[in-house]
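Biologist: I would like to learn how to read a fold like this one, feature by feature. Could you take me through it, giving the general idea before each case?

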Amino acid sequence: MTRRRGFLILAGALASMAACGGAVAQQRPPARPFSPVGRWRFFHTDGTPFLARIMPDGSATTDWDGGERGIWRWEGQAVRLLYTDGWDDLLFLDPAGRGFVKRGWAPEADRCGAPSNQTRAERLSEDPGPPL
């Protein structure tokens, strides 16, 4: 069998499997435990509250210290928020079922180490609302 013929047979088999719902069919994205889009109240290391706006386009802003800008993405069952000032937050459902938790790492913190803070997070609205 020639190499070209072998490739065509393999391509045909894969196409047939895909058409019949076989192993190469497109996978659905994993189910997400919550929608992060909206307006949130987060708390800083000293407990001071600040507002966060998480947008459907993957952007995020806060009103902390004159305003932070960043992006967000899913990481497993949590949302990672990365800000231009170096802060890194992780938002997830409280495993005990008591709302949401936010962990934050300061710019100089080791991302493999303990977070700089861990506080509750409150969803204020599913609508991100106007800019902060």
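Modeller: Gladly. Let us start with pairing: two strands pair if DSSP finds at least two bridges between them. Strands themselves are DSSP runs of E with at least two residues, helices are runs of H or I with at least four residues, and both are numbered from the N terminus. With that in hand, look at Leu 90, which stands opposite Arg 103 in β7.

Biologist: Before we go on, what kind of model is this, and how are residues numbered?

Modeller: This is a predicted model, in which local features need pLDDT of at least 70 and side-chain atom pairs count only at pLDDT 80 or more, while totals for chains, interfaces and linings use all residues. Residues are numbered from 1 along each chain as its sequence is written, and side-chain values use heavy atoms, with hydrogens and water left out.

Biologist: How many helices and strands does the protein chain have, and what pattern do they follow?

Modeller: The protein chain has 1 helix and 8 strands. Along the sequence the pattern reads α-β-β-β-β-β-β-β-β.

Biologist: How do the strands come together, and in what order?

Modeller: Strands of a sheet pair through backbone hydrogen bonds, either parallel or antiparallel. Here 8 strands close into a barrel in the order β1-β2-β3-β4-β5-β6-β7-β8, with antiparallel pairing. On average, neighbouring strands of this sheet are turned by 30° against each other, direction ignored. That angle is taken between axes, which are lines fitted to C-alpha atoms; angles run from 0 to 180 degrees between N-to-C directions.

Biologist: Which strands does β6 pair with?

Modeller: Strand β5 (residues 78-83) pairs with β6 in the antiparallel sense over 4 bridges, and Leu 81 has Asp 89 of β6 as its bridge partner. On the β7 side (residues 100-105), β6 makes 6 antiparallel bridges. The hairpin of β5 and β6 has 4 residues between the strands, and Gly 86 there takes a positive phi near 100°. In the hairpin of β6 and β7, with 6 residues between the strands, Gly 97 has a positive phi near 80°.

Biologist: Is β6 largely enclosed or open?

Modeller: For burial we use relative accessible area: buried is under 20%, exposed is over 50%, and partly exposed lies in between, with a 1.4 Å probe and protein chains only. Strand β6 (residues 88-93) has 5 of its 6 residues buried, so it is largely enclosed by the rest of the structure. Across the 132 residues of the protein chain, 33% count as buried.

Biologist: Where does Asp 65 lie, and is it buried or exposed?

Modeller: Asp 65 lies in the loop between β3 (59-62) and β4 (68-75). Its relative accessible area is 69%, so Asp 65 is exposed. Asp 65 also has a positive phi of about 50°, although it is not a glycine.

Biologist: How many salt bridges are there?

Modeller: A salt bridge is a side-chain nitrogen of Lys or Arg within 4 Å of a carboxyl oxygen of Asp or Glu. The structure holds 8 of them. Among them, Glu 75 and Arg 73 meet at 2.8 Å, N to O; Glu 75 is partly exposed at 30% relative accessibility, and Arg 73 is partly exposed at 42%. Asp 88 and Arg 80 meet at 2.9 Å, and both Asp 88 and Arg 80 are buried. Arg 73, Glu 75, Arg 80, Asp 88 and Arg 111 are linked in a network of salt bridges.

Biologist: What about Arg 39: which side chain of opposite charge is nearest?

Modeller: In this count Lys and Arg are positive and Asp and Glu negative, with His and the chain ends not counted. Arg 39 is buried yet has no salt bridge, and the nearest side chain of opposite charge, Asp 63, is 7.0 Å away. Arg 39 sits in strand β1 (residues 38-43) and stands opposite Arg 53 in β2. β1 and β2 (residues 49-54) pair in the antiparallel sense over 6 bridges.

Biologist: Which backbone oxygen does the Arg 39 side chain reach?

Modeller: The Arg 39 side chain reaches the backbone oxygen of Pro 130 at 2.3 Å. Contact means heavy atoms within 4.5 Å; leaving aside neighbours within four places in sequence, the contacts of Arg 39 include Glu 122, Asp 127 and Leu 132.

Notes. Polar contact = N/O pair within 3.5 Å; in protein donor to acceptor, adjacent residues only side chain to side chain.
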